[in-house]
Amino acid sequence: MEKLKSLIPEDLLQTVKTSSVDDLLSTSSSLLCLFLQLPQFHQAVSELANPELGCCGKNEKTSLDLKRRGNLCFRSRNFDDALRYYSKATRMAPSDAIDGDKSLLASLFLNRANVLHNLGLVKESLRDCHRALRIDPYYAKAWYRRGKLNTLLGNCKDAFRDITVSMSLESSLVGKKQLQHELKAIPDYQNKQTLEYDEYHPSNYAGVDHLPSVQSEVKLRCVTTAEKGRGMVSECDIEQASVIHVEQPFSVVISKSCRETHCHFCLNELPADAVPCQSCPIPVYCSESCQIQSGGMLSTNETDKHQLHHTFQDLPDDIVEHIKGVTSADIHYSETECIQEHQHECHGANWPAVLPSDAVLAGRVIMKSINQGKTAMDLSNLQEILEFSHSYSKMNPESKLELHLLSIVLVWCLSKSCCPDLSVCEASVTQTIILLSQIKVNSMAVVRMKSSGDFFKCNPSGNVSAKEPIQSLEQIRVGQALYKTGSLFNHSCKPNIHLYFLSRGLVMRTTEFVPVGFPLELSYGPEVGKWDCKDRIRFLEDEYFFHCGCRGCSQVNISDLVINGYCCVNKKCTGVVLDSCAATCESGKLNHFLTAPESLDHHFQLREKVCANVREVASSLLTKPSGSLHIEPDICLKCGSRYNMGNCHAEVNKAWNHLRRVDQLMNSGRANVSVLSDCLRSISVLRTFLHMYNKDIADAEDKVAQACYLAGELVDSRKHCEASIKILKRLYEDEHVVIGNEMVKLASIQLASGDSNGAWDTTKRLSQIFSKLSENPRVDKQILFSIQYDS
Ligand SMILES: C[S@@+](CC[C@H](N)C(=O)[O-])C[C@H]1O[C@@H](n2cnc3c(N)ncnc32)[C@H](O)[C@@H]1O
């Protein structure tokens with residue numbers, strides 16, 4: 001993009017950077033005219049769009065080379081590396097490539113099945129045998145391995161049939177004899193039931209999670225207001241933790257950082273036997289079901305049924321039926337289920353691998369609209385059909401230029417690599433710029449909760465030393481998706497709904513009781529308690545182009561008063577002192593303070609139900625009549641004492657620098673007892689100057705807990721972790737996920753120190769928190785596991 005930018009004359013550059021949405025046809029036209037005449041442009045885009053110049057096609061030679069390396073690793077019993085090489089080789093192998101007298105792909109699946117078997121991954125290994133047999137039904141070794149694996153799994157009837165098929169394909173007498181021996185070794189198969197269905201058939205191991213149902217009584221309505229545009233409100237009273245909305249995405253794309261670790265369709269973590277796209281090496285899927293729904297084809301060789309009968313004519317009918325059952329590609333999806341979002345990307349060109357996720361997502365939206373016959377080939381009606389809002393005119397100049405360049409490149413790439421009818425003209429570029437700006441404000445990051453390391457692997461008996469970092473839950477961004485109705489929910493820094501994802505699906509639940517007529521709002525990122533008010537406002541202006549006027553940003557709340565607050569000079573006073581920056585921001589809210597409409601007062605009282613000692617922090621402010629409220633910098637909000645901040649900023653910064661250094665030492669595994677005394681000194685400095693509920697102290701306590709844990713000082717570790725939780729409880733509501741995350745750490749410390757009763761209680765509490773927020777089986781499973789382990 002930088003190269004393209006340098007080709008634009010200064011006056012055109014300025015016109016583009018200062019353009020409004022009404023100027024887009026003209027700015028797109030001028031840029032297109034310029035670029036289409038320039039050889040440098042043609043060279044740059046042909047490297048992206050021309051499949052001949054791309055490196056995103058299958059490559060037999062590379063696949064064979066990877067297979068050879070896999071074989072070497074296998075021979076030296078380095079199974080982990082062998083698995084990696086074989087998996088890479090399956091991605092590069094063309095479906096028609098032959099190695100010796102076998103299909104390359106089938107032999108790779110069987111080799112990988114051997115590795116998986118050696119790694120103890122029996123089910124995964126069985127699935128790979130299945131894949132090999134679907135491609136080559138006459139693959140004796142694959143039938144043999146399948147038989148061995150089925151024996152291991154107790155599927156004796158299947159094992160008997162598999163080995164019988166393998167024996168019928170074996171030409172040598174010695175081999176036949178040996179297999180006969182194996183058959184006899186299968187435990188009393190006649191008396192064992194075979195599985196009702198083949199558990200390892202592709203149609204039976206779809207990785208996609210099912211979405212819960214919306215509560216039947218829940219009714220939502222879309223309303224439009226001058227401040228926020230469209231938004232969703234409740235048409236009835238809605239109880240806390242009700243599922244209010246579920247939705248599959250209009251379009252979705254995997255994050256670049258997760259391309260090797262997560263399924264490109266359902267976005268769940270990849271199993272060891274991931275399957276590649278049939279036509280290109282870019283995506284990998286957790287199962288055939290995801291592979292097909294994404295637009296790929298099943299790796300199969302629809303063998304002539306006649307020939308099958310002929311080859312296996314001496315075998316009994318039930319075994320021939322077994323062969324047909326195992327080798328057929330019996331997995332069907334209706335046209336609506338096959339989303340085919342990837343199909344246009346697998347022509348070998350580089351652009352899907354190189355362009356940013358936003359652009360790949362835009363490409364998917366465009367191709368979906370074209371394939372469904374909804375948009376013209378100059379995309380002129382794209383904006384109307386999508387109906388997403390956008391804020392192009394409010395974007396910063398650099399972003400406007402970026403969007404122009406990206407749109408021209410994307411339209412060119414789509415047209416040259418997969419959709420020749422798509423016209424590269426000012427209309428299509430204009431619509432693509434609008435689409436990209438819609439993606440900016442409407443797309444959601446699809447996230448997953450991930451625990452660091454094996455969850456609670458410490459021994460509850462307490463005799464395991466704490467060498468690993470404390471267990472914690474973190475969110476990872478696995479994809480980016482557009483949801484048509486989901487995008488109508490506005491933002492609030494004090495949200496009343498929480499969203500989570502199951503596979504690609506979006507689920508929204510209320511986090512509190514929502515009265516009829518009240519807006520249903522989620523957080524786009526910043527939340528009261530997590531960020532201070534000015535940072536939240538700045539973030540939303542930069543990323544979403546609006547000035548937030550939610551109740552968190554327009555009404556005084558305790559969290560915003562204390563989050564960056566200093567303590568009062570009067571050591572007996574619990575009041576809070578604000579610096580000038582925070583005081584300006586908070587006093588701006590006073591106009592709105594206590595002016596909420598009568599009908600909503602009850603709701604606010606519920607929200608502001610804070611424990612007595614937190615209310616005390618700003619008690620004078622909270623008890624004064626709204627007209628006489630006044631927030632001044634450097635003055636305690638409770639007792640009015642003046643605080644000369646003097647060098648306290650410098651002292652606080654110095655303490656933080658110490659703590660950051662400890663962080664680095666911990667990350668490089670060099671935390672020891674001597675760094676602990678540094679930590680404790682720093683905490684004590686922070687506690688001298690900052691208000692007791694300042695978020696910085698909670699963060700510092702968390703770090704110190706981690707350092708103590710690594711140094712084996714488990715009693716102190718627990719003390720600091722609990723101190724962090726205590727502060728978080730002042731800043732957030734009791735059952736906020738942030739508190740849950742800190743409790744995960746506490747439970748892990750308790751387990752390591754042998755306090756199984758404490759860990760049991762903590763785990764129950766955090767399980768309650770997570771179960772209110774999510775039905776994500778991955779998170780629940782982890783929590784459940786810890787409970788079972790401990791009990
Ligand atoms: C995902 S859309 C939400 C739906 C949007 N209101 C509509 O009409 O389509 C995000 C946009 O809604 C508006 N918005 C959302 N939350 C807001 C808030 N708290 N205050 C002001 N505007 C808001 C902003 O324009 C933002 O860029």
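Colleague: How are residues numbered, and which pLDDT cut-offs apply?

Modeller: Numbering starts from 1 along each chain as its sequence is written. Because the model is predicted, local features need pLDDT of at least 70 and side-chain atom pairs count only at pLDDT 80 or more, while totals for chains, interfaces and linings use all residues.

Colleague: What span does helix 6 reach from its first C-alpha to its last?

Modeller: Helices (H or I, at least four residues) and strands (E, at least two) are DSSP runs numbered from the N terminus, and the expected span of a helix is 1.5 Å times one less than its number of residues. Helix 6 (residues 79-92), with 14 residues, reaches 20 Å, close to the 20 Å expected.

Colleague: How many residues of helix 6 are buried, and what do they pack against?

Modeller: A residue is buried if 20 or more other C-beta atoms, placed from the backbone, lie within 10 Å of its own. Ten of the 14 are buried, including Tyr85, Tyr86 and Arg91, and the buried residues pack against helix 5 (60-75), helix 7 (104-118), strand 7 (275-276) and strand 8 (284-285).

Colleague: What is the strand order of the open sheet of three strands?

Modeller: Strands pair if DSSP finds at least two bridges between them; here the order is 5-12-11, with antiparallel pairing. The edge strands are strand 5 (243-247) and strand 11 (497-502), and six bridges join strand 11 to strand 12 (residues 505-510).

How values were computed. A residue is buried if 20 or more other C-beta atoms lie within 10 Å of its own, exposed if 12 or fewer, and partly exposed in between; C-beta atoms are placed from the backbone. Two residues are in contact if their C-beta atoms, placed from the backbone, lie within 7 Å.
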